[in-house]
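Thanks for coming, everyone. Let me put the structure up, and then I'll walk you through it.

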Amino acid sequence: MDAFLSSPKTPKMIHPRFCESNAKFPLFSALSNRDSGASSFGTSRIIGMGLLLSKKVSGSNRERTVSQTWDCLRPRTTNAYGRHAQDRVLEEEAPQIPETSPSLKVLLGQAFPLGVSEVENGINFAIFSQHATAVVLCLSLPQRGKKDRMDDLMVELTLDADVNRTGNIWHICVEDLPRSNVLYGYRIDGPRGWHQGHRFDNSIVLIDPYAKLVEGRRFFGDASNKWSKFLGTYDFDTLPFDWGDNYKLPSIPEKDLVIYEMNVRAFTADKSSGLDPNVRGSYLGVIEKIPHLLDLGINAVELLPVFEFDEFEFQRRPNPRDHMINTWGYSTINFFAPMSRYASAGGGPIKASREFKEMVKALHGAGIEVILDVVYNHTNEADDENPYTTSFRGIDNKVYYMVDLNNEGRLLNFSGCGNTLNCNHPRVMEFILDSLRHWVIEYHVDGFRFDLTGVLCRGTDGSPLNAPPLIRAIAKDDILSRCKIIAEPWDCGGLYLVGRFPSWDRWAEWNGKYRDDLRRFIKVMIMRGKSLVIMGLLKDYVNKRKPYHSVNFVIAHDGFTLYDLVSYNSKHNDANGEGGKDGSNDNFSWNCGFEGETADAKIKALRSRQMKNFHLALMCSQGTPMMLMGDEYGHTRYGNNNSYGHDTAINHFLWGQLDSRKRDRFRFFKEVIKFRRMHHVFGRENFLDKKDVTWHEDNWDNYESKFLAFT
């Protein structure tokens, strides 16, 4: 029997005594530390201006006992990880006034789908945790007429393992909840044995991995709200997005793609974009600049990460990088929610979701495909020394991450970022597939580029797999069958799979060998054997691989820009705060005779010619070409080859550079792209062989010769 959550005695009229709170932290971050407790929490409380709704279920008749308590929170300090420096709580009974607390009816709920779903009887919440012993659903309810979520009611519902758990799924259904504008998270407890790989901490409100929207700070880089916490939210009020009667997917064959790698924020954040300040750096900003993309001639954009991330993650504690803002986004908080601070005018997660769809629709209308750079190799939660627990670590660390049980359960680190997602664990594999399907079904994206895909080729113990289940599942999935799937076929643990990636004849690869060989070839013009990459005779690509499975690039987001490749012999990364130790040392660059900026006309002319050489070689190569945003005008980062933490002109597209002085370079770039797209010999379905080529060369052994030509 389902019962209303109310006291069995005559209920008191309860009203919160609003108390001071640390202004740096939203209310829902101010939860007290808890004892580890047993599987069904004894007495639960909400700390702050919130309502405790704690229930127990006992016996077959499922009778429920409810206690309702208002607590007043003393001002407390909280460090950058959301942990509390003090636990002291002053409890006192509030005076009775004629205002009622929320009346919520709860049902047992259902195990699927995971996340939040609207069902016939209310709003269903379901979350996976194999090793949890106690789960509390935390709800932040809006109050009528108040915009400040600091004044939200906080409701906690304790799930009973006997009735609210099916297998490893914890679930509950709540009636009478608003259909939108509710924030939610979970406090989860379990074994505290680090040596066994567990990291449970029930003092932290955790984001649901399946949350489709995430609420946090509203404006990108808003230092006044640096310590904002993040919670999941949902929206069942908004009507389905109207894709239009004449809408259709571009469906461009892979052999015809010309990819433009770009960052949504950096593309229009600079004042020179000429856009309204509320639109700069947003999904809508991309729409405004589609004419530039069409003029350039590309037909696919590869967007740097657009999943929710915390741009202030480097500033959570004192460290050499605490001056930087994460502008690239390779530090995912949630894998279903679009980056909310890419919404226009600080519009929040619901607006971000709609505007992302508007961007995709507009790009598709212009014949441009949308490929997402996705980061399933690690999360934002860092390492064991300086963890930033927001979700997976506190939900079930041993399942979601690779841990070394032979080394006190420490996190394995094949990503270079402190943790490694346990991608080929069955639960994590299904989570990744669900995420990918969501972006295809809900947002109509055309493909994915997988960051550090070598991690996705490792088993649960970190050892490389010849036939990784996740890689196969992505290749064979029905929903993903229309998508481009591109691997960055290496990781930070030494696994390098260029040309031998387990592709199932579907996966394309970022071809790092092409990049390195072409850089060396054009730099010195003597590496004759390496010139074969221009023809696409890639001996490493075997079985049924096609030329377009090689995504050719000279420049990508990480590394030198094209201008810097011909202007610097070595990296200049002092601005990153790591003493120049970060970033690659193997750039195969040449400064053409002077390091950095110069007024020498001959050096500048040589650099311009070299940039054109690189672009021409890229566009005439067999395979799928990819260029970097800004290279069409010669963007410089002044020798910084690892500029992930600079939300400045170092990374921003500088629209003023497309002036008359550099129009010649832009004209050359777009005409070469046009040339490639007009002549199908450059985008062949199959590799060239001897009968397709006539060489105009009879001096192969002379390494001094700079002549190379074929028909």
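One term before anything else: buried means under 20% relative accessible area, exposed means over 50%, and partly exposed is in between, with a 1.4 Å probe and protein chains only. By that rule Asp-516, at 17% relative accessibility, counts as buried.

Now the ground rules. This is a predicted model, so local features need pLDDT of at least 70, side-chain atom pairs count only at pLDDT 80 or more, and totals for chains, interfaces and linings use all residues. Residues are numbered from 1 along each chain as its sequence is written, and side-chain values use heavy atoms, with hydrogens and water left out.

Confidence next. pLDDT is the predictor's confidence in each residue, from 0 to 100. The protein chain averages 85, and 82% of the residues score at least 70. Elements here are DSSP runs, numbered from the N terminus: helices are H or I with at least four residues, strands are E with at least two. Which element has the lowest mean pLDDT? Strand β3, residues 63-67, at 33. The highest is β15, at 99.

Two stretches need care. Over residues 1-100, pLDDT stays under 50. The model still has 230 contacts there beyond four places in sequence, where contact means heavy atoms within 4.5 Å. Residues 526-537 also stay under 50, and they have 32 such contacts. Where pLDDT is low, the predicted coordinates should not be read in detail.

The overall picture. The protein chain has 711 residues, of which 59% count as buried. It holds twelve helices and 23 strands. Take the contacts with a separation of 6 or more: residues 24 or more positions apart account for 73% of them. The accessible surface comes to about 28400 Å², computed by the Shrake-Rupley method with a 1.4 Å probe; for residues, only the protein chains shown count as cover. Carbon and sulfur atoms own 50% of that surface.

On to charges. Side chains of opposite charge can pair when their charged atoms come close. We call it a salt bridge when a side-chain nitrogen of Lys or Arg is within 4 Å of a carboxyl oxygen of Asp or Glu. How many turn up in a search of the whole structure? The search finds 34.

Here is one of them: Arg-217 with Asp-310, closest N and O atoms 3.0 Å apart. This pair links distant parts of the chain, 93 residues apart. Arg-217 is in the loop between β12 (213-215) and β13 (231-235). Asp-310 is in the loop between β15 (300-303) and α4 (349-365). Buried or exposed, these two? Arg-217 is buried, at 0% relative accessible area. Asp-310 is buried too, at 3%.

Compare Lys-670 and Asp-295. Their closest N and O atoms are 2.9 Å apart. This pair also links distant parts of the chain, 375 residues apart, from helix α12 (663-678) to helix α3 (290-296). Lys-670 is partly exposed at 21%, and Asp-295 is partly exposed at 34%.

The expected span of a helix is 1.5 Å times one less than its number of residues. For the 16 residues of α12 that gives 22 Å, and the end C-alpha atoms are 22 Å apart, which agrees. Its buried residues include Arg-665, Phe-666, Phe-669, Val-672, Ile-673 and Arg-676. They cover an arc of only 130° around the axis, so they sit on the same side of α12. That arc is taken over the directions from the helix axis to the C-beta atoms. What covers them? The cover includes α3, α10 (562-565), α11 (601-620) and β23 (624-628).

Last, some backbone details. The peptide bond from Phe-112 to Pro-113 is cis, with omega near 0°. Pro-113 lies in the loop between β4 (106-107) and β5 (115-119). Ala-382 is not a glycine, yet its phi is positive, near 60°. Ala-382 lies in the loop between β16 (369-374) and α5 (392-400), and is buried at 14%. Asp-505 has a positive phi of about 60° as well. Asp-505 lies in the loop between β20 (484-487) and β21 (508-510), and is partly exposed at 35%.
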